Amino acid sequence: MFRRRPPLPPFPAGGLLVGGAVRDWLRGVAPKDFDWVVPDPAAAARAMAAVLGGSAFALDEERGYWRVHLPGGVQHDLVPRPADVTDDLLRRDFTVNALAVTGEGRVLDPAGGRADLRARRLRMVSAANLRSDPLRAWRAARLETTLGFRLEADTEAEVRRVAAALADGTLSPPAPERVRDELHALLTHPGAAHGVLRLEALDLLALSVPELREGIGLEQGGFHHLDVFHHGVEALHQLLARRPDAPLPLRWATLLHDVGKPRARTVDPETGRTHFYGHDKLGAALAAQRLGRLKLPGDDVRHVSRLIEAHMVPLPAGDREARRFVHRRRDLLPDLLSVMLADREAARGPSSNAASRHAYARAMNRVLEALEEQPAPPPPLLSGREVMALLGLPPGPRVGAALRAVNEAAALGEVRDAAGARAFVQTWAQTTTDQNTDGEA
């Protein structure tokens, strides 16, 4: 059933390997994270680092927690060995994690985890253990997804009870950073889309990203054959089918790209047609707010927000427009195209047809070709000081507008040198001044 077991690293003196590393080893999967219980964590960590060629450092000197980092991202955590190893194992979350192995290869299995491994079953050690750390409810959804196991019925029911207790305030919620880490472990798996559906089925999505749930049952029509929520999940699936190495911000942006639709929804009283005007900007704001609460890095939040805000931008119809598209959104590419394609492929409703999909693919190719031709913006031909001197302007927004205009002209190939840039700026200044004057008249 499982692959051949990989070799284990040398055991620290008097140490036991415990938890998920044992689970993976028994499944024939080489662990990357090892948890050890040892009599002397500091000495064991230093000795392990010396033998394996890593670095050892204290995580918590007061409690005696140590870590060893090895090349390739392998990590070993070492903590003091408890007086009663069996009791310690029985305080863990799931039976498949309540395992230990000795240096002689003897497996300690007080909760029946090996049978659950063979049955590909995820079963709690006890309801009290799940409630002692409610984050374990999210871990259930994550392990189901990443291990390909199925929650045992009583465990699934208890996970829902934990979710209900969190929702009504009976249980205190885990820290947002811990929830984020579980969500990220789920989202980085190839089956992330299924994992999101399991979060909803276990009543955990409302405690994680409640804005997503607002799209359940909200029909869209047109190109779409799914409601808003399931369209976002399908878009994530489509993204990972094409970009299995997609970074986390791109996964978030794809899942959340239509999160603004429920609140932007309007119905035309004359035609009865549903519209979602402005859902891109509203969705960008909602995503930024939610991901900020989950404590994602600021740069990632901004990237997600900008991708969502831009995902409705029309694709170019010609080569010149493609160059303009690349110039204006270069720092979002190619991620923006990935979101747009996943969105398109997740729709596939009655209005979709081969001709429209072919036209969409051609427009995307124009952008990719323009990006390949000009992978970096051309160097600026004029500085802000030169623009101010040329137009007799003080520092201000108009100087920035002039620089943006001339830089775009250079990217489009309309301006090639400083002399041409100066002539362009002077014409631009006259034209925009005339337009402003006409508007005032």
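Strand β1 (residues 16-18) pairs with strand β2 (residues 33-38) in the antiparallel sense, over three bridges. Strands here are DSSP runs of E of at least two residues and helices are runs of H or I of at least four residues, both numbered from the N terminus; two strands pair if DSSP finds at least two bridges between them. The structure is a predicted model, in which local features need pLDDT of at least 70 and side-chain atom pairs count only at pLDDT 80 or more, whereas totals for chains, interfaces and linings use all residues. Residues are numbered from 1 along each chain as its sequence is written, and side-chain values use heavy atoms, with hydrogens and water left out.

Strand β4 (residues 65-69) runs antiparallel to β5 and is joined to β5 by four bridges, with Gln75 of β5 as the bridge partner of His69. Overall, seven strands form an open sheet of mixed pairing, in the order β3-β4-β5-β2-β1-β6-β7. Strands β3 (55-60) and β7 (107-108) stand at the edges with a single partner strand each, so one side of each is left without a neighbour in the sheet.

A search of the whole structure finds two aromatic pairs. Rings of Phe, Tyr and Trp (its six-membered ring) pair if their centres lie within 6.5 Å, and planes under 30 degrees apart count as stacked, over 60 as edge-to-face and the rest as tilted. The ring centres of Phe11 and Trp36 are 4.9 Å apart and the planes stand at 85°, so this pair is edge-to-face. Because Phe11 lies in the segment before β1 and Trp36 in strand β2, the pair ties together parts that are 25 residues apart in sequence. Phe11 is partly exposed, with a relative accessible area of 24%, while Trp36 is buried, at 1%; buried means under 20% relative accessible area, exposed over 50% and partly exposed in between (1.4 Å probe, protein chains only). Phe34 and Trp36 form a stacked pair, with 6.3 Å from centre to centre and 15° between the planes. Phe34 is buried, as is Trp36. Through these ring pairs, Phe11, Phe34 and Trp36 are linked into a cluster.

Salt bridges, defined as a side-chain nitrogen of Lys or Arg within 4 Å of a carboxyl oxygen of Asp or Glu, number 32. One of them joins Arg23 to Asp24, with the closest N and O atoms 3.1 Å apart; Arg23 and Asp24 are both buried. Asp88 forms a salt bridge with Arg91, at 3.5 Å between the closest N and O atoms. In this pair, Asp88 counts as buried at 18% relative accessibility, whereas Arg91 counts as partly exposed at 45%. Asp93 and Arg139 form a salt bridge in which the closest N and O atoms are 2.9 Å apart. Asp93 lies in the loop between α3 (85-89) and β6 (100-101) and Arg139 in helix α6 (residues 135-147), so the pair ties together parts that are 46 residues apart in sequence. Asp93 is buried, and Arg139 is buried too.

Arg366, in helix α18 (residues 354-373), is buried yet has no salt bridge, and the nearest side chain of opposite charge, Asp319, is 4.4 Å away. The Arg366 side chain reaches the backbone oxygen of Pro316 at 3.3 Å. With contact meaning heavy atoms within 4.5 Å, Arg366 touches Pro316, Ala317, Gly318, Asp319 and Ala322, not counting residues up to four places away in sequence.

Most residues other than glycine have a negative phi, and most peptide bonds are trans. Arg120 has a positive phi, near 55°, and lies in the loop between α4 (113-118) and β8 (121-122). Phi of Asp203 is also positive, near 65°; Asp203 is found in the loop between α9 (192-201) and α10 (210-213). Arg120 is partly exposed, with a relative accessible area of 35%, and Asp203 is partly exposed at 40%. A cis peptide bond, with omega about 5°, joins Leu333 and Pro334. Pro334 is in the loop between α16 (319-329) and α17 (335-347).

Definitions and conventions: Lys and Arg count as positive and Asp and Glu as negative; His and the chain ends are not counted. A polar contact is a pair of N or O atoms within 3.5 Å; within protein, one must be able to donate a hydrogen and the other to accept it, and residues adjacent in sequence count only if both atoms are side-chain atoms.
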